[in-house]
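Let's read a protein structure together, one feature at a time.

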Amino acid sequence: MYIVFLVIGVIITFILSVLSGGGASLLVMPIIATFIGVQGVAPIMTIGIACSSVSKTFFFWKYVDWHLFKWLFPSTVIGSVIGARLLAEVPTDMLQIIIGLFLVSTFVQFKTPKETEVAKKRTIKAWHFAPMGLVVSFLSGLIGGVGPLMNSAYLKYGMSKEALLGTRSANAILLHVTKIISYAALGLIDAEIVKYGLIVGVAAMVGTYFGRMVLGKISEYMFRMIVVSSMVLSGIYMLYKNKEYIMSFLNDMQF
């Protein structure tokens, strides 16, 4: 019965993920942890999101920015391998708090465009994505998923909703396949992990299909507002999830 609840939860989450430009990992993580356990979260999420990314790339293939993808390619491979290698060795609580604070700061750092300005103006160049991709893919390999961490960069690059989803998903395939190979080489994937990863993956593909249907009915302006809001909410969630660590850290800082 718990598998039914897992599937329903993943489908709903990935519908929302399409509308918000990503971030499903942050919502699916606690669902997987509840049903399977914390140790399996990163590899199961990786397999599941890889499946979802394949379906998103298929749906939005003609919108993929391959010029941008070429800048992301090498840094994505390198960062994800290093992050996966350090998965079992580095405490991730502080990293999640830092990411959470960054996502919450989106409200300040990203100027919300007016509806008449939904912006094709680019304030970020393609080559900027190489160093950003290295950091984000490293964090993804280490934590299992970092949600919509780069979405503000995609928006500042001037992408449409379809281009953002297509390009982000094409890069995510590369990211998650590299992570799967790294996890397998490190002995972090077994038959049980693969089974649940595929269950999550199939449910994610179903959610992506229905999310795509809804996406066509909303404007570019509304999409951008949803993306920025989802980044802030994702950050708040990450901070809330680590509230005990934050309180412990603050107590230790008191003299």
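**A guided reading**

Q: Where is Ser-53 found?
A: Welcome! This is a predicted model, and Ser-53 is found in helix 3, which covers residues 41–59.

Q: Let me step back to the chain. How many helices and strands does the secondary structure come to?
A: The count is eleven helices and zero strands. Read along the sequence, the pattern is α-α-α-α-α-α-α-α-α-α-α.

Q: What share of the residues of the chain count as buried?
A: The chain has 255 residues, and 51% of them count as buried. As for the accessible surface, it comes to about 12300 Å², with 71% belonging to carbon and sulfur atoms.

Q: How do I read contacts along the sequence? What share of those with a separation of 6 or more joins residues 24 or more positions apart?
A: Among the contacts with a separation of 6 or more, 87% are between residues 24 or more positions apart.

Q: Now the inside, please. Which residues touch the most other members of the largest nonpolar core?
A: Here is the general idea: in soluble globular proteins, nonpolar side chains tend to be buried together. In this chain, the largest nonpolar core has 26 residues, and Leu-68, Phe-129, Tyr-154, Met-159, Leu-215 and Phe-223 touch the most other members. Elements giving two or more residues to this core are helix 1, helix 4, helix 6, helix 7, helix 8 and helix 10. Helix 10 provides the largest share, four residues. Another core lies apart from this one, with 17 residues, among them Phe-14, Val-28, Met-45 and Ile-49.

Q: Which residues is Phe-129 in contact with, leaving aside neighbours within four places in sequence?
A: Phe-129 meets several residues, including Leu-68, Leu-72, Ile-124, Met-150 and Tyr-154.

How values were computed: Residues are numbered from 1 along each chain as its sequence is written. This is a predicted model: local features need pLDDT of at least 70, side-chain atom pairs count only at pLDDT 80 or more; totals for chains, interfaces and linings use all residues. Side-chain values use heavy atoms; hydrogens and water are left out. Buried means under 20% relative accessible area, exposed over 50%, partly exposed in between (1.4 Å probe, protein chains only). Contact means heavy atoms within 4.5 Å. Accessible areas come from the Shrake-Rupley method with a 1.4 Å probe; for residues, only the protein chains shown count as cover. A nonpolar core is a set of buried Ala, Val, Leu, Ile, Met, Phe, Trp, Tyr and Cys residues joined through side-chain atoms within 4.5 Å.
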